[in-house]
Amino acid sequence: MAYHLSLSLLLSLLLFTYFPSNSQSKQFCEAGIGYDEVGCGISSSSTKLLIKGGTVVNAHHQEIADVYVKDGIIVAVKPNLKVGDDVKVIDATGKFVMPGGIDPHTHLAMEALNTESVDDFFSGQAAALAGGTTMHIDFVIPVNGSLIAGLEAYEKKAKKSCMDYGFHMVITKFDDIVSRDMEIMVKEKGINSFKFFLAYKGVLMVNDELLLEGLKRCKSLGALAMVHAENGDAVFEGQKRMIQLGITGPEGHALSRPPLLEGEATARAIRLAGFVNTPLYVVHVMSIDAMEEIAKARKSGQRVVGEPVVSGLALDDSGLWDSDFTTASKYVMSPPIRASGHGKALQDALSNGVLQLVGTDHCVFNSTQKAFGIDDFRKIPNGVNGIEERMHLVWDLMVESGQISVTDYVRVTSTECARIFNIYPRKGAIIAGSDADIIILNPNSTFEINARSHHSRTDTNVYEGRRGKGKVEVTIAGGRVVWENNELKVVPGSGKYIEMAPFSYLFSGIDRADASYLSSLNAPVKRFKSTT
């Protein structure tokens, strides 16, 4: 695009590009994307806020109090605060005032199968804000194995961000250059986690030798190792088997990568992390098989974090057998959504602490893109929505049902993520000094999910028609009201990159464990050479 285009024309083009022309567009600025006092008018909103009379909920405590915000920071949390006339007051009586959600697992503008996920760093984040999530952590994919090139590409993608975000880094090969660049990522770029795919053979998958090298390097840097746990070699064999059987539709996707392959890879990754003695984070835990391996490891004292995603908690695999391809294909993701019974087991594991926090793996492709695999499920781009729906569904599934408390809700949707990735209490808390990322949730209000009204750019929704209780009525990001009265006011470029320091609490005691291991070896044994 030529640089001499007028700013107003450029902004109008951007707005047209970001959102489809359906009813949801009314909730965005009709006059163009606003900066300063024009358009959305976000900058004209007060930088001082008083949230009055709500029940303030943190991960370990709740109280009825007021929350005073100034210049994007929480200044005070006390009952009956007195402020000046220049402060915008929001009445939260009878409602819960909680930290904004943090989604630990997203893929915005991700390239896959010669296409790109339709939600970028503006539309995806806008959807998140409408659903009460105020920060997410996305995965940087290396460019031809280069971490530096990958980060540069994602930094460009994120220029249009409208809320705060961080990055994980994917590792697809390992050599001296990658080892050096991992250190640069941690020490200079604010990235404290690296992901290893044990699936997607020939594309992203790493073998055990590379995984071991990566685990060792993560440990030395104080960075958290993450794994996508499926046995990629066996999945490849399962895919060939399904095609030979003539099973080419979306159901073949689930049949080719059964729970036992997720369980095997989870067990293997856990054991290798235990061998190195470094913490491990297992992303999108979708099955009983994987969950039980995590439970066993945690019971033994190993530092393993298990992340279910909302699709795995809320759905079963029946949609994959739908006779309509468009309907069935929208459910294709990896690991697959599992058969009935797995979701409830994952809910139980979340409620009893075996699993620690909820992500989404939000990676959406529209029905046209999904149709690339109409004759071969292997060509269906993998991914489902969830960045907008997560906070509502977790409340309805877990709190409204009585499975977890309100404080636990804050923990699994925000605080634990902030702790794991070392940004607590800047994020994940409503206390003086924390960033003013806040939601107001009405437990008596209801929600309904459908593709006509959601803010994602995709034309389908895997939670279509779902209704529940407990609705985010106000979202505040960086001290500004961005969602209120079902209206979204966001500005591209207003989001901040959040650097995340290494050596989170998960690394506490690792050195002592290493020392204890060495002292227990009773080796090397001193032996005398024979003189005969």
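Here, buried means under 20% relative accessible area, exposed means over 50%, and partly exposed lies in between, with a 1.4 Å probe and protein chains only. By that rule eight of the eleven residues of strand E16 (residues 467-477) are buried, so E16 is largely enclosed by the rest of the structure. Keep in mind that this is a predicted model, where local features need pLDDT of at least 70, side-chain atom pairs count only at pLDDT 80 or more, and totals for chains, interfaces and linings use all residues. Residues are numbered from 1 along each chain as its sequence is written, and side-chain values use heavy atoms, with hydrogens and water left out.

**Strand E16 and its partners**

- Helices (H or I, at least four residues) and strands (E, at least two) are DSSP runs, numbered from the N terminus.
- Strand E15 (residues 438-448) runs antiparallel to E16, and eight bridges join them; two strands pair if DSSP finds at least two bridges between them.
- Within this pairing, Lys-469 in E16 stands opposite Thr-446.
- E16 also pairs with strand E17 (residues 480-484), again in the antiparallel sense, over four bridges.
- Val-474 has Glu-484 in E17 as its bridge partner.
- A hairpin is formed by E16 and E17, with two residues between them, and Gly-478 in the turn has a positive phi of about 60°.
- As background, side chains in a regular strand alternate between the two faces of the sheet.

**Backbone features to check**

- Most residues other than glycine have a negative phi, and most peptide bonds are trans.
- Ser-334 and Pro-335 are joined by a cis peptide bond, with omega about -10°; Pro-335 lies in the loop between helix H11 (325-329) and helix H12 (342-351).
- Another cis peptide bond joins Ala-523 and Pro-524, with omega about 5°, and Pro-524 sits in the segment after H16.
- Asn-522, also found in the segment after H16, has a positive phi of about 55° although it is not a glycine. Asn-522 counts as exposed, at 64% relative accessibility.
- Asp-361 is not a glycine either, yet has a positive phi of about 55°. Asp-361 is in the loop between H12 and helix H13 (367-370) and is buried, with a relative accessible area of 8%.

**Salt bridges**

- The structure holds 30 salt bridges, each being a side-chain nitrogen of Lys or Arg within 4 Å of a carboxyl oxygen of Asp or Glu.
- Lys-173 forms one of them with Asp-175, and the closest N and O atoms are 3.9 Å apart. Lys-173 is partly exposed at 36% relative accessibility, and Asp-175 is partly exposed at 29%.
- In the salt bridge between Lys-240 and Glu-237, the closest N and O atoms are 3.4 Å apart. Lys-240 and Glu-237 are three residues apart in helix H6 (residues 232-244), so about one helical turn separates them. Lys-240 is partly exposed, with a relative accessible area of 34%, and Glu-237 counts as partly exposed at 40%.
- Glu-293 and Arg-271 meet through their side chains in a salt bridge (3.5 Å, N to O). Because Glu-293 lies in helix H9 (residues 288-299) and Arg-271 in helix H8 (residues 259-276), the pair ties together parts that are 22 residues apart in sequence. Glu-293 is buried, with a relative accessible area of 18%, whereas Arg-271 counts as partly exposed at 47%.

**Lys-187 and its surroundings**

- Lys-187 lies in helix H4 (residues 176-188) and is exposed, with a relative accessible area of 60%.
- Its side chain makes a polar contact with the side chain of Glu-183 (2.7 Å). A polar contact is a pair of N or O atoms within 3.5 Å; within protein, one must be able to donate a hydrogen and the other to accept it, and residues adjacent in sequence count only if both atoms are side-chain atoms.
- From C-alpha to C-alpha, Lys-187 and Val-87 are 40 Å apart in space, and they are 100 residues apart in sequence.

- Tyr-517, Leu-518 and Leu-521 make a nonpolar surface patch of about 320 Å², and Tyr-517 is in helix H16 (residues 510-519).
- Patches are made of residues with over 30% relative accessible area and no salt bridge, where like charges are joined within 9 Å and nonpolar side chains (Val, Leu, Ile, Met, Phe, Trp, Tyr) within 5 Å.
- Accessible areas come from the Shrake-Rupley method with a 1.4 Å probe, and for residues only the protein chains shown count as cover.
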